[in-house]
Amino acid sequence: MQKKNRFILVALFMPVAVIFMAFFILPMLRLTLASATGPEGLGLYLEMLTTRRYLETLLYTVGLSVAVTVATLIIAGITGVFLQRNDFTGKHLLVAMLTFPLAFPGVVVGFMIILLAGRQGLIGLLTKMATGDKLVLAYSMTGLFLGYLYFSIPRVITTVMATAEKIDLSLEEAARSLGASTWRVVRDVLIPALMPGLISSGAICFATSMGAFGTAFTLATDIDVLPIVIYTEFTLSANIAMASALSITLGLITWGALYLARTAAGGTLAASG
Amino acid sequence: MNKRNHLFYLQLALTLMTCAFLLVPVIQSVLAGVTVNYFVGIKSGLTLRWLGEVWRLYSDTIFRSIGLGLACLVVDLIAGIPAAYVMVKTRSRFTRLLEEFLVMPLAIPGLAIALAILISYGWWTDFRSSWLIILVGHVIFTLPFMIRSVIAVMTAINMEELEEGAASLGAGFPKRFVGVVIPNVLSGILAGSLMVFTLSIGEFNLTWMLHTPFTKTLPVGLADSYASMRLEIGSAYTITFFFMIIPLLMAMQWVSRPRTGRAATEDNTEQARMENQSQLSETTAPADAAASQAARRPGTSIRLTRCAKTFPGGTRALESLDLEVAAGETVVILGPSGCGKTTLLRIIAGLESPDEGGGIFFNEDEVTAIPIEKRNVGMVFQSYALFPNMDVADNIAYGLKVRGDEQDKIRARVDEMLAMMQIEELRGRPINQLSGGQKQRVALARAIAVRPRVLLLDEPLTALDAKLRDVLRVEIDLLLRSIGITAVYVTHDQAEAMALGDRIVVMSKGRIAQIGSPRDVYFKPANRFVADFIGTVNCIESKMADRCLTFPGGCIPVDDLEGVDVTEGGMLNIFFRPEHATVVEAGQGHFQAKVLSAFFLGDRTRLLVNGDTPEPLKVEAPGRQAFRKGETVDILLDLEALFTLSEA
Ligand SMILES: Nc1ncnc2c1ncn2[C@@H]1O[C@H](COP(=O)(O)OP(=O)(O)O)[C@@H](O)[C@H]1O
Ligand SMILES: [Mg+2]
């Protein structure tokens, strides 16, 4: 409206604009530039896609993230709706416990998995007692899977619970009044109603798994995931161009996933990335 | 699904298993951190040795993390809150793009951001080796959370309207921002702050890339301790971390839990009270001596010249129009939803500027360029825009405080307003414990407390139920008359317009369709739109033949009509209202028609009849007579009340 107001608005936006410009937009452009101005130029991306190690890592990471996302959605979807719909003693405690790991950094999650399934872990101990063979999962793909599941479940549960809270119960009652069985109600009413929440939290879950560094770092697995490769390229091989190219690829995948989800869900993404 | 059948227990089992998966390692780490020998287990005894060791080795990382978290929080608050405000205020395509940019740090892995920052600023050794580079990374990572959290609350509380409310009472930008915006988004700021601090404390991906041996943070230290392969130290360190985040998580839960105690008063009891009160007010009139002081003041006239409004998107909300409102007059702007009523009112208020060339005058003062807070208008918003951070008395006092009046004067005026609106007992109530009708009264009191030059009301009764609406309509009418203020009242309800307006401005599609007294618009509508919008109207197509207006089924001698001027053989549409066509005894009417349906209204019966006219007609029958479907009735027209219209 009035001109003076516009001036105030611009002034108020300045701090964020400056911070973002200086420490996000320009560096990201610089990163893009760094990936394309090596001796091979854009050929670097071709090299990335044809070198076995890089391609394998990329596929592993995507596969792992997809698997984790699917598993998380199933587990957290069921438990989230269950907790939202039922009241029993100790429920609040249970919810608090389930959301406690929300604030764990990746390294702590890695450590949790070591304690659970590492060489001196609980699972190893139990399997040794039971079968005589020690089962060690932590340092393999399974360990990574468990770790990613560990930090994904709490986030998705909170979103699912929030979505389930808003569902209009009369829809389900209407379906039941029309003769639908429990499974039909779940399939035809509940899941469609949960869909926006599932899509957006699933996308966040996927993106976080793609970019997770701390967990893999702590577990020091024999399977490299993309963030670890980026890290080693940068620090150990000083291959800045390749590290940049891999980062950009990673960034594009995660951003693309979130963008697609947002378009598909049509709403806002829950801010719990 | 609430029955405890096998499904319930299956789900419970899954939930418990998930919980065990998450919790068992936490318990293990807690035990490991306080037992003497991890491999032997708890039997080896409990000790605090490892925690002491952690303190000796890593306390600097803990302090650094707390410091970083606080610094990050400060930056986010200073930069984030204003940015959120701007983004809520300017909803445009450009803002959408900005939002997209602002959420990118959520989408792009920390590692990539860290790499980008390193490549760009790594050469700057002083910066690279200080904790500032980590701070920068944390700010980029956490700022979107702060902004989103604040935006969410700003949108939820309808901040813009609150701000407009404050502006209409005279508050300039700094006062509005500090006094109204910030206090009402505190919950968002608090939630955002906790989130930012927690995220900053636990951030690892960025920090690992950006840290140096001298700038290790807590998660970096944790990674070191895990890598050192001493499980008990790692566990003890993890316990320390748990202790730091548990209070943060609990605070977050507390902040986000739903607040109870909303809208305590039921509208039903409220209604009963109001009805008693309105009887009271008919005898005493709500506005008494106090208010009539204001009436003595010479009123303010409003004049709009060539005011049009085109919104940035290209919507033409208002065609160029002129309008005059005399001092002390109540003008009602009436029209269907979307016709530009609100836009017109906001132009008068100073919340929108008219397109180039338009002018707004209060008496002889041109106020076109004067912002609302300087215009001295009182405004009542459709959703009331009461400030939830203040109680009833503070809301009413707000405009006076902004003007810098003395305490005593303010108190006296607030008392006066509370008495005038008969809401003395609500003085200290928080806003969210008021019923709709009570809010309405507070909003009115707040608007007139500052003795505005003109009072502007945008559909003030729409949010209330029908009965309350009638009561309050009477009260507003009495109030406006007794304080004699110039008022512009916007509504889409024609009954409201008829009851309240000295004059009615009927609007259609951004234009004024007619201006006139309620009688004028009802009895002499300027065109078909007005006739249809206000009340019900019948139309008969007739033809002039033998000095008679002839229509299928009957005729009216033209000599009985005034001012009808049609040549022989010409066509003419005759209009009349249902109450001007009554059922009479057989043989005494102008024409006959068949009853299609009858609606008994108590004092009369409304009939839908079909003459030989193309459309059914609505007519009325007084008294107790009952009608059968298909019955033939005679209908008499009140010839004085017939009218013709120019087609428009
Ligand atoms: N801020 C705005 N930006 C764009 N178009 C608007 C804005 N405000 C109102 N309009 C449009 O202007 C027209 C008139 O709106 P309004 O004055 O609110 O109508 P009314 O109050 O009579 O229902 C509508 O078509 C509406 O969509
Ligand atoms: Mg409106």
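The paragraphs below look at chain A, then at the interface, and then at chain B.

This is a predicted model, and every value given here was computed from it. Of the 273 residues in chain A, 54% count as buried. If one takes the contacts in chain A between residues at least 6 apart in sequence, 71% of them join residues that are at least 24 apart.

Turning to the place where the two chains meet, one finds 83 residues of chain A in contact with 90 residues of chain B. The size of an interface is often expressed as the accessible area that is lost when the parts come together. By that account chain A and chain B bury about 7,600 Å² between them, and 79% of this area is on carbon and sulfur atoms. On the side of chain A that touches chain B, the largest share, 18 residues, is supplied by helix H1 of chain A, which covers residues 3-36. Sorted by class, that side of chain A has 62 nonpolar, 15 polar and 6 charged residues. Between chain A and chain B the count of salt bridges is 0, while 6 residue pairs across the interface are found in polar contact, both residues being at pLDDT 80 or more.

What remains is the pairing of charged side chains. Side chains of opposite charge can pair when their charged atoms come close, and over all chains the count comes to 33 salt bridges. One of them joins B:Lys216 to B:Asp224, with the closest N and O atoms 2.7 Å apart. B:Lys216 has a relative accessibility of 23% and counts as partly exposed, and B:Asp224, with a relative accessible area of 22%, is partly exposed as well.

Another salt bridge is formed by the side chains of B:Glu364 and B:Arg303, at 3.7 Å from N to O. Because B:Glu364 lies in the loop between strand E6 (359-362) and strand E7 (365-366) of chain B, and B:Arg303 in strand E3 (residues 302-310) of chain B, this pair ties together parts that are 61 residues apart in sequence. B:Glu364 counts as exposed at 63% relative accessibility, whereas B:Arg303 counts as partly exposed at 25%.

The side chains of B:Asp520 and B:Lys524 also meet in a salt bridge, with 3.9 Å from N to O. Here B:Asp520 counts as partly exposed at 32% relative accessibility, and B:Lys524 is exposed, its relative accessible area being 58%. Beyond such pairs, there are salt bridges that share partners, and these join B:Glu53, B:Arg56, B:Arg230 and B:Glu232 into one network.

Methods:
Residues numbered from 1 in each chain as written. Chains lettered and ligands numbered in written order. Predicted model: local features only at pLDDT ≥ 70, side-chain atom pairs only at ≥ 80, totals over all residues. Heavy atoms only, no water. Salt bridge = Lys/Arg side-chain N within 4 Å of Asp/Glu carboxyl O. Buried < 20%, exposed > 50% of the residue type's maximum accessible area, 1.4 Å probe, protein only. Helix = DSSP H or I, 4+ residues; strand = E, 2+ residues; numbered from the N terminus. Contact = heavy atoms within 4.5 Å. Buried area = accessible area lost by both parts, 1.4 Å probe. Polar contact = N/O pair within 3.5 Å; in protein donor to acceptor, adjacent residues only side chain to side chain. Nonpolar A, V, L, I, M, F, W, Y, C, P; charged D, E, K, R; others polar.
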